[in-house]
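Please find below a short note on the model under review. The remarks are set out as numbered points, to be read alongside the coordinates.

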Amino acid sequence: MKTILTGIRANSELTLGNYLGALLPMVRLANKHSEKMNVNIFVPDLHSIIADIDGNLQKNIIRTIKYYLAAGLKINPNVHIYRQSYVPAHSELCWILNCIATMGEASRMTQYKEKSDGRDSCNVGIFDYPILMAADILLYSAEYVPIGEDQFQHIELTRNLAMRFNNRFGEIFTVPVKTAEQVEFMGISDGVRIRDLLNPEKKMSKSTAAENSKIMLDDDPELAKKKIMSATTDSLGKIKYDMFNQPGISNLLTIDALVTDTPLQDVISTWAGETKYGDLKKKVGADVATMLSEFQNRLKDIQDDEIFALFDLGEKYANEVANAKLREAQKAFGLR
Ligand code: ATP
Ligand code: MG
């Protein structure tokens with residue numbers, strides 16, 4: 001049976017952008033395939049600690065899985081939920097892969113360049129995490145790794161490390177499919193990008209300081225309405241989908257289509273010829289508020305115990321699969 005693997009870092013609260021662009025598509029993909037494929041959903045907690053952590057990591061780890069459930073993830077015996085740090089094989093294989101990866105290829109990672117920003121004082125984890133990511137994938141022979149475009153380079157790195165290892169030591173690792181095929185598998189080639197509410201030229205990001213620029217999943221629905229009402233638009237006075245000239249209005253139309261699960265084209269036609277931005281904002285605000293309150297109600301009903309029970313099952317499975325693959329790699333190196 002083939003394996004899909006995905007994880008989302010649990011460092012902080014998620015935005016509406018993270019939800020609509022990453023969590024929801026992933027949950028839909030998982031539900032679509034989990035009858036016939038393994039779906040591994042893990043909390044990359046070892047990746048979390050490459051960034052500053054604020055003392056809430058434990059809470060955030062549990063909440064991340066609650067988010068998947070509240071977003072509609074269906075649990076069945078093929079869905080495996082685990083914490084990375086509870087499967088020590090990840091760190092072990094990372095070390096082995098460190099010894100076949102080169103400084104050059106790791107230094108070329110855009111995420112490393114951006115996150116380190118040329119500072120010598122940046123931690124070594126920031127440099128090494130793409131190799132840990134390769135271990136996360138290769139331990140489970142995962143072919144499909146649905147991720148955002150900012151991570152494509154890491155999939156290519158994973159493929160290169162797997163092929164290099166296999167060339168030297170025999171066919172041990174399954175090489176994940178190329179990024180083009182990953183995109184095809186995800187079926188979201190047009191890529192959802194929710195924009196910053198105040199600066200719609202930029203994407204919405206959880207690390208942006210201005211509170212009114214982003215909607216958080218735990219925002220009070222009334223507050224979310226206010227944020228939408230204060231969103232930056234333009235002075236053209238027509239409600240038209242035009243990301244280039246009217247990014248703010250286009251962003252509102254996109255958000256409305258996604259939160260109401262309506263095709264974007266239908267939302268665009270509904271507003272064609274209309275001119276009152278206030279009306280559009282009221283409608284989008286109300287729809288976002290409804291979506292948020294439904295999501296938050298589902299979230300409230302999920303108990304910590306449910307999550308721990310999923311971790312128990314998932315971590316047993318993950319350790320079995322990962323340890324078997326790690327053993328093969330250790331043998332190949334002569335470590336066993
Ligand atoms: P940060 O500011 O810390 O980079 P972020 O909001 O960009 O936070 P990430 O942790 O970088 O979030 O990404 C988590 C996932 O959410 C990724 O799959 C990414 O592609 C997706 N994502 C992030 N921002 C958006 C957005 N505005 N619209 C759609 N998807 C998004
Ligand atoms: Mg980001």
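The points below take up the basis of the model, a helix pair, a ligand site and several individual residues.

1. This is a predicted model, in which local features need pLDDT of at least 70, side-chain atom pairs count only at pLDDT 80 or more, and totals for chains, interfaces and linings use all residues. Residues are numbered from 1 along each chain as its sequence is written, chains are lettered from A and ligands numbered from 1 in the order in which they are written, and side-chain values use heavy atoms, with hydrogens and water left out.

2. Helix α8 (residues 152-169) and helix α9 (residues 179-186) have axes that come within 10 Å and cross at roughly 125 degrees. The pair is therefore oblique; angles under 35 degrees count as roughly parallel, over 145 as roughly antiparallel, 65 to 115 as roughly perpendicular and the rest as oblique. Axes here are lines fitted to C-alpha atoms, for helices over the stretch in contact, and angles run from 0 to 180 degrees between N-to-C directions. Helices (H or I, at least four residues) and strands (E, at least two) are DSSP runs, numbered from the N terminus.

3. On the α8 side, the contact (heavy atoms within 4.5 Å) is made by Phe-152, Ile-155 and Glu-156; α9 contributes Thr-179, Gln-182 and Val-183. By class, this contact has 3 nonpolar, 2 polar and 1 charged residues. In this scheme Ala, Val, Leu, Ile, Met, Phe, Trp, Tyr, Cys and Pro count as nonpolar, Asp, Glu, Lys and Arg as charged, and the others, Gly among them, as polar.

4. Ligand 1 is surrounded by 14 residues (a heavy atom within 4 Å), the closest being Ile-194, Lys-203, Met-204, Lys-206 and Ser-207. A nitrogen atom of the ligand is 2.9 Å from a polar backbone atom of Met-204.

5. Which backbone angle deserves attention at Ser-141? Its phi is positive, about 50 degrees, although Ser-141 is not a glycine. The residue is found in the loop between α7 (124-138) and α8, and at 24% relative accessibility it counts as partly exposed. Buried means under 20% relative accessible area, exposed over 50%, and partly exposed in between (1.4 Å probe, protein chains only).

6. Asp-261 likewise has a positive phi, near 55 degrees, and is a residue other than glycine. It is placed in the loop between α11 (247-259) and α12 (264-271). With 56% relative accessibility, Asp-261 counts as exposed.

7. A polar atom of its side chain lies 2.7 Å from the backbone oxygen of Tyr-112. Leaving aside neighbours within four places in sequence, Ser-116 is in contact with Cys-122 and Ile-126.

8. Gln-330 lies in helix α14 (residues 304-333) and counts as buried, at 4% relative accessibility. Its contacts, apart from neighbours within four places in sequence, are with Glu-92, Ile-96, Leu-335 and Arg-336.

Key
Polar contact = N/O pair within 3.5 Å; in protein donor to acceptor, adjacent residues only side chain to side chain.
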